[in-house]
Amino acid sequence: MSRIGKKPVELPAGVSATVAGQKVEVKGPKGALSFNVREPITVTVEGSVLSVHRPDDARQNRSLHGLTRALLGNMVDGVSKGFETKLLITGVGYRASLEGKKLSMSLGFSHPVHVNPPDGISFEVGKTQTDITVKGIDKALVGQVAANIRKLKESEPYKGKGIRYEDEVVRRKAGKSVSGGK
């Protein structure tokens, strides 16, 4: 039995879940999310607990069992607390600002880079204009938007200039060294 799959998902106060066939919908104070469960897996709601069940121990069903439970747990956390990812900008003249909901960044290119947030995502920029927070209720979407922003100018190993995650460590390399001989 899957250790993750057999663990029930507790619904906190203010969060409700409905199951209609293979579609699970979770509503909470921050919004609503829905998910279509793959066919052999079934989801039941008993009071304030979501349970995930599988018909047999086939390899595909075992992997879907744990995956479905993890996705449902992330949905419940998202509609109750939300998710956020922090990015740091390093480099002289590199900064970010908000223009309405749009994120505008100066990253050393000849032009500013603009990022429009998809539905359900919001950006925050810190006072120093070097830290960006991506917020939303869908964990996968928050992570994908943060990765797309990071990809615009990844941190380079010599001076460390670029965009990186808050907890990411950039391994620095030594630059060119002057040779002592002729």
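Reader: How many bridges join E11 to E12, and how do the two strands run?
Author: E11 and E12 are joined by 5 bridges and run antiparallel. Strands here are DSSP runs of E with at least two residues, helices are runs of H or I with at least four, and both are numbered from the N terminus. Two strands count as paired if DSSP finds at least two bridges between them.

Reader: What kind of model is this?
Author: This is a predicted model, in which local features need pLDDT of at least 70, side-chain atom pairs count only at pLDDT 80 or more, and totals for chains, interfaces and linings use all residues. Residues are numbered from 1 along each chain as its sequence is written, and side-chain values use heavy atoms, with hydrogens and water left out.

Reader: Is glutamine 129 buried or partly exposed?
Author: Partly exposed, because its relative accessibility is 31%. Buried means under 20% relative accessible area, exposed means over 50%, and partly exposed is in between, with a 1.4 Å probe and protein chains only.

Reader: What about serine 122?
Author: Serine 122 lies in strand E11 and counts as partly exposed at 37% relative accessibility. Leaving aside neighbours within four places in sequence, serine 122 is in contact with Thr133, Val134 and Lys135. Contact means heavy atoms within 4.5 Å.

Reader: How far is serine 122 from lysine 81?
Author: Serine 122 and lysine 81 are 15 Å apart in space, C-alpha to C-alpha, and 41 residues apart in sequence.

Reader: Now the core. Which residues touch the most other members of the largest one?
Author: In the largest nonpolar core, which has 19 residues, they are Ile89, Leu103, Met105, Phe123, Ile132, Val134 and Ile149. A nonpolar core is a set of buried Ala, Val, Leu, Ile, Met, Phe, Trp, Tyr and Cys residues joined through side-chain atoms within 4.5 Å.

Reader: Which elements supply it?
Author: At least two residues each come from strand E7 (83-90), E9, strand E10 (113-115), strand E11 (121-125), strand E12 (131-136) and helix H2 (139-152). H2 gives the most to this core, with 4 residues.

Reader: What about serine 104?
Author: Serine 104 is in strand E9 (residues 102-106) and counts as buried at 8% relative accessibility. The side chain of serine 104 makes a polar contact with the side chain of histidine 114, at 3.4 Å. A polar contact is a pair of N or O atoms within 3.5 Å; within protein, one must be able to donate a hydrogen and the other to accept it, and residues adjacent in sequence count only if both atoms are side-chain atoms.

Reader: Changing topic: in what order do E2, E3 and E4 sit?
Author: The 3 strands form an open sheet in the order E2-E3-E4, with antiparallel pairing. Strand E2 (16-20) and strand E4 (31-36) stand at the edges with a single partner strand each, so one side of each has no neighbour in the sheet.

Reader: How many bridges join E3 to E4?
Author: There are 6 bridges between strand E3 (residues 23-28) and E4. Glycine 28 stands opposite glycine 31 in E4.

Reader: Which helix lies across them?
Author: Helix H1 (residues 59-80) lies across E3 and E4, running at about 170° to E4. Axes are lines fitted to C-alpha atoms, for helices over the stretch in contact, and angles run from 0 to 180 degrees between N-to-C directions.

Reader: And the protein overall?
Author: There are 2 helices and 13 strands. The radius of gyration is 22 Å, well over the 16 Å that the globule rule gives for 182 residues, so the protein is more spread out than a compact globule. That radius is taken over C-alpha atoms, and the globule rule is 2.2 Å times the number of residues to the power 0.38.
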